[in-house]
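Hi there,

Here is the structure I promised to pass on to you. Have a look at it first, and then read my notes below.

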Amino acid sequence: MRREPFAEEEVRRDAFLGGMAQIWQPKHGLGYRAGVDPVLLAAAVEAQPGQEVLELGCGGAPALVCLGARVGGLSLAGAEIQPAYAALARRNIAENGLNGEIYETDLAAPPAALKARSFDHVLANPPYFEEGKRSAAPDAGRELALAGALPLADWVTLAARRLKPRGTATFVQRVERLPELLAALAANLGSVEVLPLAPREGRAPRLILARGRKGGRAAFRLCPSLVLHAGACHLEDGDDYTNVIKAVLRDGKPISFSG
């Protein structure tokens, strides 16, 4: 766990969404750095101006900042166990001119102030790996982001408890853990939808976006895969994202589960 704040020389400010969001992150090799996953997660949240949004395990808040840059007037909140990343999250929220509060907390025992609140949307990018089932990352802070001790079902339960009626919880996760995630969603939420994220046309999905609604009654829906990269293989330097994904990553466009 990273407790001491990052020194100024340990961080860099990166542009997201074509510069709409400016996010401080650890430099390469010094901690967890956001890739496209939190950006895709934020794009899948159907928030409207004036709503309240909570991210569980927010890290330095790249997803919250991207969501706030796309949808104005949100009240943002994040929960993060690592003090150094919580401090980065507060800095990123403030320097992007957003309205938000970061709770420095273990998700297994959230504070009374957080438990007293309810939200229109909850989002989370839980660790992709189970603790002790892979080679650990050399940086302790990055390792905690990749393989936390809290069971995936507990993330979903906490999200459901913090939702207002008809509110949504949205997750990004590895496809291997989909059965576990679906079981937790079915036990806590309704109207569950899954959007597979395929690396290329004809390739099996590696990640999924999943969403459930508190009090939802619609039948489970498996959406057609959203393809991330154009072409059958990577042929040249530079990114080869599809036009849909380019619009999400560069222009702050939303992702629709409806296609």
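**What I found**

Leaving aside its neighbours within four places in sequence, Asp14 is in contact with Ala21, Gln22, Ile23, Gln25 and Arg33. Please keep in mind as you read that this is a predicted model.

Asp14 belongs to strand β1, which covers residues 11-16. Is Asp14 buried or exposed? Its relative accessible area is 8%, and because buried means under 20%, Asp14 counts as buried. The side chain of Asp14 also makes a polar contact of 2.6 Å with the side chain of Arg12.

Next, find strand β8, residues 190-200. Of its 11 residues, 11 are buried, so the strand is largely enclosed by the rest of the structure.

Which strands pair with β8?

- Strand β9 (residues 207-213) runs antiparallel to β8, and six bridges join the two. Glu193 has Arg211 in β9 as its bridge partner. The hairpin of β8 and β9 has six residues between the strands, and in this hairpin Gly202 takes a positive phi near 85°.
- Strand β10 (residues 221-222) pairs with β8 in the parallel sense, over two bridges. Here Val194 has Leu222 as its bridge partner.
- Strand β11 (residues 226-229) also runs parallel to β8, with three bridges between them. Look for Ala198, which stands opposite Val227 in β11.

Terms used. Residues numbered from 1 in each chain as written. Predicted model: local features only at pLDDT ≥ 70, side-chain atom pairs only at ≥ 80, totals over all residues. Heavy atoms only, no water. Helix = DSSP H or I, 4+ residues; strand = E, 2+ residues; numbered from the N terminus. Buried < 20%, exposed > 50% of the residue type's maximum accessible area, 1.4 Å probe, protein only. Polar contact = N/O pair within 3.5 Å; in protein donor to acceptor, adjacent residues only side chain to side chain. Contact = heavy atoms within 4.5 Å. Pairing = 2+ DSSP bridges.
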